[in-house]
Amino acid sequence: MSREVLGHTFLGASVLFGVGAHLLLKFGMMHVSARPDAWLSYLWVAFGLVVYSVGTGFWILCLGFLDLSYAYPFTGLSYVLVLAASWLLFSDSVGAARIAGVFLICAGVALIPANSRSKS
């Protein structure tokens, strides 16, 4: 596997683990209450933090293969994925302004120059 493919694999994993972590954190915090079994919801929060840590590990690996100035804008895709997932899973409201913002983020990521992908 080439360095570029490996770097992009780590980048994608980092974004997906980050999104998953945010969703787990939200799910856990939605169920926190002052009940005796409330510790169960904190397990979801703890699991979300573990998933976030794994995503950070993938990010660090990604930086070993790709330029930061190239890789970092791709983290903006997490906004897109969190917006869609929170709408589907948590019934969050998604208005026209948010959708327009997502399109702007996607356009920005698409404008990342292809000639600056990997470290020389």
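## Stop one: Ser86

Select Ser86 and show its surroundings: leaving out residues up to four places away in sequence, Ser86 touches Leu23, Ser91 and Asp92, where contact means heavy atoms within 4.5 Å. Ser86 sits in helix α4; helices (H or I, at least four residues) and strands (E, at least two) are DSSP runs, numbered from the N terminus. Ser86 is buried, at a relative accessible area of 9%. On this tour, buried means under 20% relative accessible area, exposed over 50%, and partly exposed in between (1.4 Å probe, protein chains only).

Before moving on, some ground rules. Residues are numbered from 1 along each chain as its sequence is written, and side-chain values use heavy atoms, with hydrogens and water left out. This is a predicted model, so local features need pLDDT of at least 70 and side-chain atom pairs count only at pLDDT 80 or more, while totals for chains, interfaces and linings use all residues.

## Stop two: Ser91

Now click on Ser91, one of the contacts of Ser86. Ser91 lies in the loop between α4 and α5 (96-110). Check its backbone: phi of Ser91 is near 60°, a positive value in a residue other than glycine. Is Ser91 buried or exposed? With 64% relative accessibility, Ser91 is exposed.

## Zoom out: the whole chain

Switch to cartoon. The protein chain has five helices and zero strands, and reads α-α-α-α-α along the sequence. Colour by accessibility next: buried residues make up 28% of the 120 residues in the protein chain. For contacts between residues at least 6 apart in sequence, 77% join residues at least 24 apart.

## The largest pocket

Select Gly18, His22, Tyr52, Thr75 and Ser78. These lie nearest the centre of the largest pocket, which is lined by 15 residues and holds about 380 Å³ of space. The search runs on a 1 Å grid over the protein atoms alone: a pocket is an open set of points with protein on both sides within 12 Å along at least five of seven lines, whereas a cavity is a set where a 1.4 Å probe fits but cannot get out; lining residues have an atom within 4 Å of a point. Grid points are joined across faces, edges and corners, and the volume is the space filled by probe spheres set on the points.

Which helices supply at least two lining residues each? They are α1 (3-30), α2 (39-63) and α4 (77-90), and α1 gives the largest share, five residues. Colour the lining by type and you get seven nonpolar, eight polar and no charged residues. Here Ala, Val, Leu, Ile, Met, Phe, Trp, Tyr, Cys and Pro count as nonpolar, Asp, Glu, Lys and Arg as charged, and the others, Gly among them, as polar.

## Rings

Show the aromatic side chains. The whole structure has six aromatic pairs; rings of Phe, Tyr and Trp (its six-membered ring) pair if their centres lie within 6.5 Å, with planes under 30 degrees apart counted as stacked, over 60 as edge-to-face and the rest as tilted. Pick Trp59 and Tyr72: this pair is edge-to-face, 6.3 Å centre to centre with 70° between the planes. The two are 13 residues apart, Trp59 in helix α2 and Tyr72 in the loop between α3 (68-71) and α4. Trp59 is buried at 16% relative accessible area, whereas Tyr72 is exposed at 52%.

## Cores

Select Phe10, Leu11, Trp59, Cys62, Phe65, Leu66, Tyr70, Ala71, Phe74, Val109 and Ile112. These 11 residues make up the largest nonpolar core, a core being a set of buried Ala, Val, Leu, Ile, Met, Phe, Trp, Tyr and Cys residues joined through side-chain atoms within 4.5 Å. Helices α1, α2 and α3 each supply at least two of its residues. A second, separate core of five residues includes Val15, Leu23, Ala85 and Phe90.

Finish on Val109, in helix α5 and buried at 12% relative accessible area. Setting aside neighbours within four places in sequence, Val109 is in contact with Pro73, Phe74 and Leu77. Draw a distance from Val109 to Tyr72: their C-alpha atoms are separated by 9.6 Å, with the residues 37 apart along the chain.
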